[in-house]
Amino acid sequence: MIEFDAVEKFYAGQRVLGPLSLSIPQGALCVLVGPSGCGKSTTLKMINALITPDAGSIRINAQPVASHPAEELRRGIGYVIQSGGLFPHWRVRDNIATVPRLLHWEKARVAARINEVAEIAAIHRALLDRFPHQLSGGQQQRVGVARALAADPDIILMDEPFGALDPVTRAALQKELARLHHNTGKTIVLVTHDMDEALALGTTIVVMRKGEIAQSGTPAEILAAPRSDFVRDFVGGADAAMKLLEFRKVREVLRGGAESCDHSIRTHDTLRSALTEMMTTGRSILTVQNESGAIVGSIHVEDIVGASKR
Amino acid sequence: MMRVGLLTPLLALAFVALALFMPATAPFFHWLFPENPRPVFLRASFLELTLAHAELVLISAGAATAFALGVGIFVTRPAGREFLPIVGALAAVGQTFPPAAVLALAVPALGYGEAPTLLALFLYSILPILEGTIAGLHAVPADVREAADGLGFSSATKLTRIELPLAAPYILAGVRTSTIIAIGTATIGSTIGALSLGSPIVEGLAAENTAYVLQGALVVALFAILVDRGFELLERRLARQSRSELPASRPRRAAAAAAP
Ligand SMILES: Nc1ncnc2c1ncn2[C@@H]1O[C@H](COP(=O)(O)OP(=O)(O)OP(=O)(O)O)[C@@H](O)[C@H]1O
Ligand SMILES: [Mg+2]
């Protein structure tokens, strides 16, 4: 649990952040999203004390961040930045081993951990002995992630980790991050200015504007009920209705009774795939099956349209 | 590449031969200057002169490296950053002082001989190394520094494991420039009584014995070229290890080193 309590930051007498209060539950993948200069990086860097607040406090598991020596705190929190920030004079394996070595792990344990983490981050063995400049951007970013994971921290901070990558690589790494989050249950705080990335990854989304929180909630909450014009525009205006269908399941608008039809869909599919199925088959009604394949009802196109409006 | 590979050993051979067996060149210099009754400098052996010269350069460049590294590191830390402009200005002004003037001013305080020479060489060697250190530390990419901070490096560990290794090519380039300048400038020390390869040059100029001047200049030039070559090899090895970019190469001072 990471808690911000009325945190403020000033530069040259100008308030750039806050007062900001926010709590990020254990195991969340919390995405801070907003336009450039809104204070996302500043917020993120306060968690590992790279920036100290001018007012208010930040607690991790009820312990104030300021009560720990900064270096000790940071060795317990993974940190990934946009450009990778790999050490150019160290081979990939030494980059990955950075924090374990700062923590004085035994040699054998470090070596074993390098291989383990390389596997988690899908880094091929052959890359371990290369220097960072001999890697592609995507490979460098995987190494950055592996380096952040190496000492097995409970919290990982990522500042636009995929911002510099091409769309295909970005999508692949996003998928792997979602899987990693799902498998490890780590608390991840990720900064991006790309709302689609936020929607694709976040369990919690914090939309920021001019140093303040414009709205926070689950992706579906923010898509369904943007609290201001700013949030509505930022989540994509009219397109938000389409995006919302990604987060709604067939079972939410299921009608009982067996209206038989030769095309079917399952209860746990998204409304978006239901709509796609209707468009490709030319039907406005589909039969709905449960996990084990038994028919449990039907879904109607007007119910999907209704769901996209809420 | 081939020619350089062959040239360096040949120059090294010539340097060693001249330092050890200069008297054997007597017939050649006699032929060159038939009027000259003493065509080879004999007051001290050229081996002795070379060793004395190398000692002056080693001590002054070593002290200047330690000093400039310390100052360069200090003015790039948060605590010393405010001193950066003034230190840069001071070092630059120091460099514009003519070496002969430094010697003249140092003699009353330190007497004749090695001490004022070492002081002058030390002062002259500081600026290039200081500039190299500051440039190298500033060239460490901001994201690399941010990553080091974010991962929990202490500032001392960050300096020794990340910043200095990345700045090393720049620092080495500064040490190279300083050392080559010092090899040339050390010859002036002989005008105030320090033994060096400048001794035959100074005495030759005073006694109008061109053969002495040539002999001193030849050995100093070979010395400077070989040391420069050594630094180049070192820089290449470093570049291959660290894979970091080399700083833009500085103008060669080796040729100027022979003339006092
Ligand atoms: N060291 C600093 N000195 C002065 N102002 C700063 C400093 N760091 C950040 N700011 C200001 O604080 C505000 C928030 O900066 P921050 O880096 O948190 O924005 P961001 O949301 O991460 O933006 P981006 O998406 O462009 O990275 C900006 O207006 C920025 O100009
Ligand atoms: Mg930012």
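Reader: Which residues are around ligand 1?
Author: In this predicted model, the residues around ligand 1 are A:Y11, A:V16, A:S36, A:G37, A:C38, A:G39, A:K40, A:S41, A:T42 and A:E160. Each counts as near through a heavy atom within 4 Å of the ligand.

Reader: What distances do A:C38 and A:S41 show?
Author: For A:C38, a backbone N or O atom is 3.2 Å from an oxygen atom of ligand 1. For A:S41, an N or O atom of the side chain is 2.7 Å from a ligand oxygen.

Reader: How much of ligand 1 does the protein cover?
Author: On its own, ligand 1 has 630 Å² of accessible area, and the protein covers 56% of that.

Reader: Which element gives the largest share of the shell, and what classes of residue are in the shell?
Author: Helix α1 of chain A, residues 40-47, gives the largest share, with 3 residues. By class, the shell holds 3 nonpolar, 5 polar and 2 charged residues. Gly counts as polar under this scheme.

Reader: Why is α1(A) called largely enclosed?
Author: Because 7 of its 8 residues are buried, the rest of the structure largely encloses α1(A). The buried residues are A:K40, A:T42, A:T43, A:L44, A:K45, A:M46 and A:I47. Buried means under 20% relative accessible area. Just after the helix, A:A49 takes a positive phi of about 60°.

Reader: Why is A:G217 called buried?
Author: Its relative accessible area is 10%. The limit is 20%, so A:G217 is buried. A:G217 lies in strand β10 of chain A, residues 212-217.

Reader: What makes β1(A) and β4(A) a strand pair?
Author: The bridge count. Strand β1, residues 2-11, and strand β4, residues 55-60, are joined by 5 bridges and run antiparallel. A pair needs at least two bridges, so these strands qualify. A:D5 stands opposite A:S57 in β4(A).

Reader: How many bridges join β4(A) to β5(A)?
Author: 2 bridges join β4(A) to strand β5, residues 63-64, in the antiparallel sense. At least two are required, so β4(A) and β5(A) pair. A:R59 stands opposite A:P64 in β5(A). The two strands form a hairpin with 2 residues between them, and A:N61 in the turn has a positive phi of about 50°.

Reader: What joins β1(A) to β2(A)?
Author: 7 bridges, in the antiparallel sense. The bridge partner of A:V7 is A:L20 in β2(A). This hairpin has 2 residues between the strands, and A:A12 takes a positive phi near 50°.

Reader: What is the strand order in the open sheet?
Author: The order is β2-β1-β4-β5 in chain A, 4 strands with antiparallel pairing. β2 (14-24) and β5 each have a single partner strand, so they stand at the edges, and one side of each is left without a neighbour in the sheet.

Reader: What are the overall figures for chain A?
Author: Chain A has 13 helices and 13 strands. Its C-alpha trace spans about 65 × 50 × 35 Å along the principal axes. Of the 310 residues, 48% are buried.

Definitions and conventions: Residues are numbered from 1 along each chain as its sequence is written. Chains are lettered from A and ligands numbered from 1 in the order in which they are written. This is a predicted model: local features need pLDDT of at least 70, side-chain atom pairs count only at pLDDT 80 or more; totals for chains, interfaces and linings use all residues. Side-chain values use heavy atoms; hydrogens and water are left out. A polar contact is a pair of N or O atoms within 3.5 Å; within protein, one must be able to donate a hydrogen and the other to accept it, and residues adjacent in sequence count only if both atoms are side-chain atoms. Accessible areas come from the Shrake-Rupley method with a 1.4 Å probe; for residues, only the protein chains shown count as cover. Buried means under 20% relative accessible area, exposed over 50%, partly exposed in between (1.4 Å probe, protein chains only).
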